[in-house]
Amino acid sequence: SVTKALKADKSKNMDAANVYAVVNILSFLCTVPMVVIAEMSSLPTEWEKAVAAHGAQAVITNIALSGFFFYVYNEFAFA
């Protein structure tokens with residue numbers, strides 16, 4: 001597999017954590033354009049509803065923390 005090949009080459013410094021990070025970055029880059037295209041019509045309306053109900057700072061903080069904790073959870077699960 002690609003993971004085993006990357007981990008076998010010690011010059012690339014691809015331990016489990018680094019492989020997981022690279023896979024996440026590639027997944028993010030491949031997924032975001034599709035999500036933006038599919039959800040762009042409803043995104044402004046839903047964003048305004050969320051900001052009106054909770055405030056922009058709370059919405060942004062919750063999105064960032066959600067992503068961070070999801071990454072950390074999977075980092076431990078992947079290792």
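This report walks through the helices, surface and contacts of the structure above.

The model is predicted, so local features need pLDDT of at least 70 and side-chain atom pairs count only at pLDDT 80 or more, while totals for chains, interfaces and linings use all residues. Residues are numbered from 1 along each chain as its sequence is written, and side-chain values use heavy atoms, with hydrogens and water left out.

Let's start with the overall build. The chain has four helices and zero strands, in the order α-α-α-α from the N terminus. Helices (H or I, at least four residues) and strands (E, at least two) are DSSP runs, numbered from the N terminus.

Next comes the surface. Of the 79 residues in the chain, 9% are buried. Buried means under 20% relative accessible area, exposed over 50%, and partly exposed in between (1.4 Å probe, protein chains only). The accessible surface is about 6,300 Å², with 71% belonging to carbon and sulfur atoms; such areas come from the Shrake-Rupley method with a 1.4 Å probe, and for residues only the protein chains shown count as cover.

A search of the whole structure finds one salt bridge (a side-chain nitrogen of Lys or Arg within 4 Å of a carboxyl oxygen of Asp or Glu). Its partners are lysine 49 and glutamate 46, whose closest N and O atoms are 3.3 Å apart. Both lie in helix H3 (residues 43–54), three residues apart, about one turn of the helix.

| Residue | Relative accessibility |
|---|---|
| Glutamate 46 | 42% |
| Valine 22 | 36% |

Valine 22 belongs to helix H2.
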